Amino acid sequence: PPEYAKYNRFFICDEVRRNFPSLPTNVHLIEGDSPINTYTLMNLADAILVYSSTLGLESALLGRLACVLGDVHYRGKGFTMDIDSPESLWKFLSSGPPCERHISPAQIELARRYAVLWRFRHPFTMPFYAPDQRTFSLPDFGILAPGKHPVIDTLCRCILTGAPFIDIEGEHIPSAAQEN
């Protein structure tokens, strides 16, 4: 289920084994804590299927096509094949091998730009939001008033002026660690 994908609490190997107790001999499930090098596997694979792993982004950076099954942050950004139904997964898998293994230089560049934004220039840490619990809780509504919270003030300024949200935390507002 997509609600688990963002927080990596859903163990796909267990789910596959539960639903498909007998797998074809050419299907191999590798647990997340396996010592096997994922880059070696990626280079050997006919098809790369990811659920909630950053391996899909990493494979794109190396020019390999990844099929994304979960709701990961890089889904729909133009450098992966986003699987949206069992039928589209079966259609892709039945097309090979050999399956499409590589993405275009333009897609590699798009993945590189996305990775830099995601890793080094993320917009900001949203105050009062707990992503692991997917909850948003204000201490009181007064905290939203002008001058009460630097993140909220900067966010409102960006919305009202059309300013970009990139790098606002580093330049204008304290990080979550500085707030505590």
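**Figure 1. Five salt bridges turn up when the whole structure is searched.** A salt bridge here is a side-chain nitrogen of Lys or Arg within 4 Å of a carboxyl oxygen of Asp or Glu. Side chains of opposite charge can pair when their charged atoms come close. Keep in mind that this is a predicted model, where local features need pLDDT of at least 70, side-chain atom pairs count only at pLDDT 80 or more, and totals for chains, interfaces and linings use all residues. Residues are numbered from 1 along each chain as its sequence is written, and side-chain values use heavy atoms, with hydrogens and water left out.

**Figure 2. Helix H2 holds the pair Glu15 and Arg18.** Helices are DSSP runs (H or I, at least four residues), strands are too (E, at least two), and both are numbered from the N terminus. Glu15 and Arg18 form a salt bridge, with their closest N and O atoms 2.6 Å apart. Why are they about one helical turn apart? Because they sit three residues apart in helix H2. Arg18 counts as exposed, at 57% relative accessibility, while Glu15 is partly exposed at 23%. (Buried means under 20% relative accessible area, exposed over 50%, partly exposed in between, using a 1.4 Å probe and protein chains only.)

**Figure 3. Asp14, Arg17 and Glu31 link up in a salt-bridge network.** For the Asp14 and Arg17 bridge, the closest N and O atoms are 3.8 Å apart. Asp14 is partly exposed at 45% relative accessibility, and Arg17 is partly exposed at 37%.

**Figure 4. Over in helix H6, Glu109 and Arg113 lie four residues apart, about one turn of the helix.** They form a salt bridge, and the closest N and O atoms are 3.0 Å apart. Arg113 is exposed at 52% relative accessibility, but Glu109 is partly exposed at 29%.

Figure 5. Buried or exposed? With 0% relative accessibility, Ser59 counts as buried. Leaving out residues up to four places away in sequence, Ser59 touches Met42, Ile48, Arg64 and Ala66; a contact means heavy atoms within 4.5 Å.

**Figure 6. Cys156 is in no disulfide.** A disulfide would be a pair of cysteine sulfur atoms within 2.5 Å, and the whole structure has zero of them. The closest cysteine sulfur to that of Cys158 belongs to Cys156, 9.4 Å away, so it's too far for a bond. Cys158 is buried at 1% relative accessibility, whereas Cys156 is partly exposed at 37%.
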